[in-house]
Amino acid sequence: MKARVEVFLKAGVLDVQGKAIEGALHGLGFGEVSSVRVGKTIEFDLTGDDAAAAEAQVKAMCDSLLANTVIEGYRVEVAA
Amino acid sequence: MTKAAVIVFPGSNCDRDCKTAIERSTGASVDMVWHQDTDLPDGVDLVVLPGGFSYGDYLRCGAMAAQSPVMRAVSAAADRGVAVVGICNGFQVLCEAQILPGALLRNAALKYVCKFVDLDIVNGQTRFTAAYGARRDATMTVGNGEGNFFADEATLDRLEGEGQVVFRYRDNPNGSARDIAGIINGRGNVLGLMPHPDRSFEAALGSADGALLFQSALASA
C-alpha cells in the first residue's frame with residue numbers, strides 16, 4: 001500500500017513562508033492570491049492489505065514524529 | 001566535584017563551546033555524551049543540550065534528535081530532578097521531546113538572526129538564575145533562524161502565571177510570543193532558551209552573563 005501524508009501549520013499559526021510567497025506572487029501581478037500556506041508531503045510504502053488499520057498506523061506515525069501537533073495538522077491518504 | 005554532561009548529536013555545533021563555557025565558568029568536569037548512548041554518566045548534576053543543526057534540521061528542528069536513544073536517558077534524568085538546559089537547538093529538542101511545552105517556529109522576519117540581545121530576567125528565583133542575585137537583566141547572543149517561540153494562549157497564560165517564563169527579550173528579534181526567550185518546566189529543573197549563555201561567558205566575548213547561568217545550575221547540585 002502507498003501512504004501519503006500532508007503536513008501543514010495549523011490555521012492559527014503564522015506561516016511566514018506562506019506570507020513571503022504571497023507577497024512575491026502579488027509582486028508578479030497575481031493579485032488574486034491570498035491565504036498561502038506552505039506544507040510538506042511525505043510518501044512511503046506500507047506492508048499489509050488492511051487500509052483502515054494502515055491509516056490508523058500512519059496517524060500514529062504523524063502524532064509521534066511526522067507532525068508536531070503543537071503547531072501542525074496533517075491529512076492522511078492510504079491507497080492500495 | 002560537580003559533573004556536567006553535554007549531549008552531542010550529529011550536527012551539533014556548540015557542543016565544544018558548551019564544554020568550555022561550563023568548565024571555565026564553574027570548574028565542573030564535563031563529559032561529552034554521544035546521542036546513541038543510552039546512559040548518562042553516573043552522578044551527573046547538569047545535562048546540556050547544545051546548539052547546532054542536529055540531523056540537519058530534517059523534518060523539523062530538533063525532531064529527529066528528540067527521538068534519539070540518549071533522549072530517553074535525558075528524560076529520565078529530568079524526571080529524577082537533574083538540572084537540564086537546552087540552548088537554541090537544544091531548546092527545540094526539548095520542545096520536540098515534549099519535555100518543555102510549545103514549539104519554535106521560523107523567525108517572523110524569515111531571516112537568520114545573529115546578534116547580542118538584552119534580556120529581562122523575569123524569574124530570578126529559579127535554580128538557573130539564582131546567581132544573578134538582584135540583577136534583572138542579562139546580555140547574551142542569539143543565533144537562530146527558527147527561534148520564534150509559539151504556544152497556544154492557554155499555555156502562555158499558564159507559563160506566565162506559574163513563573164515559568166525565565167527570560168524575555170527587551171527587543172524581540174524573532175517574533176516570539178510575549179517576547180519569551182526562555183522557559184522552565186513546572187518542576188523548575190529543565191530550562192530551554194534560545195540565547196546562548198555558552199557564547200557569553202567571558203568579558204572577552206562581549207558579555208560574561210552566561211557564566212552566571214551555569215554557576216546557578218551547578219550551585220544547586
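B:Phe150 is found in strand β8 of chain B, which covers residues 148-150. The structure described here is a predicted model, with an ipTM of 0.87 and a pTM of 0.94. Chain B has a mean pLDDT of 96, and 99% of its residues reach 70 or more.

- B:Phe150 counts as buried because it has 22 C-beta neighbours inside 10 Å, and the cut-off for a buried residue is 20 or more.
- Apart from its neighbours within four places in sequence, B:Phe150 is in contact with two residues written in chain A, A:Val13 and A:Ile71, and with B:Gly102, B:Ala103, B:Leu105 and B:Ala177.
- B:Phe150 and B:Ala66 lie 84 residues apart in sequence, and their C-alpha atoms are 18 Å apart in space.
- The contact between the chains takes eleven residues from chain B and eight residues from chain A.
- On the side of chain B that touches chain A, six residues are nonpolar, two are polar and three are charged.

**Overall form of chain B**

- Chain B contains six helices and eleven strands.
- The C-alpha trace of chain B spans about 40 × 40 × 35 Å along its principal axes.
- A compact globule of 221 residues would have a radius of gyration near 17 Å, so the 15 Å of chain B agrees with that form.
- Of the 221 residues of chain B, 55% count as buried.

**Nonpolar cores**

- The largest nonpolar core has 78 residues, of which B:Ala4, B:Ile7 and B:Val48 touch the most other members.
- Helix α6 of chain B, residues 209-219, gives the most to this core, with six residues.
- A second, separate core of eight residues includes A:Val5, A:Ala54, A:Ala67 and A:Val78.
- Leaving out neighbours within four places in sequence, the contacts of B:Ile7 are B:Val33, B:His35, B:Val47, B:Leu49, B:Val70 and B:Val74.

**Helix α1 of chain B**

- Helix α1 of chain B runs over residues 15-26, twelve residues in total, and reaches 16 Å from its first C-alpha to its last, close to the 16 Å expected at 1.5 Å a residue.
- The buried residues of this helix are B:Asp15, B:Asp17, B:Cys18, B:Lys19, B:Ala21, B:Ile22, B:Ser25 and B:Thr26.
- These buried residues pack against strands β1 (3-8), β2 (29-34) and β3 and against helix α6, in chain B.
- B:Gly27, just after the helix, takes a positive phi of about 75°.

**The loop between β3 and α2 of chain B**

- B:Asp57 lies in the loop between β3 (46-49) and α2 (63-66) of chain B, and B:Leu59 is also placed in the loop between β3 and α2.
- The phi of B:Asp57 is near 60°, a positive value in a residue other than glycine.
- B:Leu59, which is not a glycine either, has a positive phi of about 70°.
- B:Asp57 counts as partly exposed because it has 18 C-beta neighbours inside 10 Å.
- B:Leu59 is likewise partly exposed, with 18 other C-beta atoms within 10 Å.

Conventions. Residues are numbered from 1 along each chain as its sequence is written. Chains are lettered from A and ligands numbered from 1 in the order in which they are written. This is a predicted model: local features need pLDDT of at least 70, side-chain atom pairs count only at pLDDT 80 or more; totals for chains, interfaces and linings use all residues. Helices (H or I, at least four residues) and strands (E, at least two) are DSSP runs, numbered from the N terminus. A residue is buried if 20 or more other C-beta atoms lie within 10 Å of its own, exposed if 12 or fewer, and partly exposed in between; C-beta atoms are placed from the backbone. The radius of gyration is taken over C-alpha atoms; the globule rule is 2.2 Å times the number of residues to the power 0.38. Two residues are in contact if their C-beta atoms, placed from the backbone, lie within 7 Å. Ala, Val, Leu, Ile, Met, Phe, Trp, Tyr, Cys and Pro count as nonpolar, Asp, Glu, Lys and Arg as charged, and the others, Gly among them, as polar. A nonpolar core is a set of buried Ala, Val, Leu, Ile, Met, Phe, Trp, Tyr and Cys residues joined through C-beta atoms within 7 Å. pLDDT is the predictor's confidence in each residue, from 0 to 100. The expected span of a helix is 1.5 Å times one less than its number of residues.
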